[in-house]
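I opened the notebook to look up pockets. The sequence and structure go in here before the entries.

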Amino acid sequence: MKRNVVIKLFLLSAVLLAVSCSKSKTGEETTPTTTKNKGVPVDKPFINVKVKNHPDATVKIDDVNKKIVISFAHPVQLKKMSLDFELAGKVRLNTAQSTFDLLAPYSLNINNNTHQQIYTITGEAKAADYSGWTEDTSFGELPTHIKLFKNISMQGKAGIAYFALVDLAKDYKFNVIGGASGVKTPSLFYEQLPAAQKPTILINSGYFTYSDVQGMYGVSLLIQEGTTVRHNTTSTDRLGKTYYMTRSAIGMERNGALEINWVYTDGINAPTYAYPAPAANIEGETPLSKPSLAFPANGRIWNAYMASGAGPIAAKDGKVVPFEKMKQELITGDGSANRPRSAVGLTSDNKMIVYVNQGNGFDGLGGYTWEEVGRELVKLGCYDVLHFDGGGSSCMLINGKPLIKGGEVDTPSAPNPNGAKQRAVATVVTVY
């Protein structure tokens, strides 16, 4: 009897122990624990934002208003900002892109597991300074996307200078006109165009020279509708040494985007390479290697649809190129002298400036230097500035009317209405 009671008690104890263990285990499984951060936004998702192509940019992250403001102390190309984001915890960007168009505020979607937030990124370049310039309406009616301005005292010197401002966000047309050989005055280029193609703006662009075989012919890049008609001079002999140089060009891609680059094309059927910096040749020193896709650094094939070579580049990334650096393009001519100049620049707010100034003693005016023109166009908001063939070749027409007195001084002329001769040139750029 006692034995049966002991067995029953043992079995009961075992059952109670099992139930106790079961409750204990169940309790461990159901006891609340710290909830993982699913769908809960972090207070500061961005640890840092870097502008890779402009390390001097100032970045301000406003987590309260979910804004990122990137400021620049000089003009920059806001359409191509290369950004690098350092993110907190499990925060992720909902995009794999690294280059952003900040011409307008850009909405950036981020997520932390399932929760999404939207931050607005804004780019702010240094504002254009139009002091000293007044709008000129005396050259006829202009389309709404083009305005003309005049200055009579630039860079602290008396002068006569003009620039046309072209809004690239509107319906404009950019063209390059010229041939494999031959030259014409800018006015003749204009007169020979069909009435429907008469441009609002026509300006001289590329360089040219003379040979007994070819006569007058261009020596600057000319691309028309994707076909290379001419390429920049590939080499030059100086002091018994042969230098292969990168020169510069402005070009339009098929999507309408305009660029100013240092370029090299090794023959009429070869690709055109573009570079963010020139081959740093110095006359008298050992010539550098022949340019290629690999040299200078970060070269790429540039498939321009329309392009005109010229040079030198007077400003890059919103900073004036010093005269000594401009000489690396090995262009014949004294850019430090006061002369007539023609140039083109691209602005942070997606506009193009087409510039010319008088000189060569007409009306007692000498003109300006390469650097002075570069500084003025940067002041006007240009991040990149390219000189066209200056000196006596400088000429710009608005509605077919010349803005300045021509560069030729003492030879018979096909005169323009200002009473001075235009020089015949190989290439012109037109805008309408």
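I am working from a predicted model, in which local features need pLDDT of at least 70, side-chain atom pairs count only at pLDDT 80 or more, and totals for chains, interfaces and linings use all residues. Residues are numbered from 1 along each chain as its sequence is written, and side-chain values use heavy atoms, without hydrogens and water.

Entry 1, largest pocket. I took a pocket as an open set of points on a 1 Å grid over the protein atoms alone, where a 1.4 Å probe fits, with protein on both sides within 12 Å along at least five of seven lines. I found a volume (space filled by probe spheres set on the points, which are joined across faces, edges and corners) of about 500 Å³ for the largest pocket. Its lining (residues with an atom within 4 Å of a point) has 21 residues, and Gln 77, Asn 261, Pro 276, Arg 300 and Lys 316 are the closest to the centre. Strands (DSSP runs of E, at least two residues, numbered from the N terminus) that give two or more residues are E4 (81–87), E21 (258–265), E22 (272–275) and E29 (382–387). E21 has the largest share, four residues.

Of its 24 lining residues, Tyr 207, Ile 331, Thr 332, Gly 333 and Asp 389 lie nearest the centre. Strands E14 (208–211) and E18 (235–238) each supply at least two lining residues, and E18 gives the most, three.
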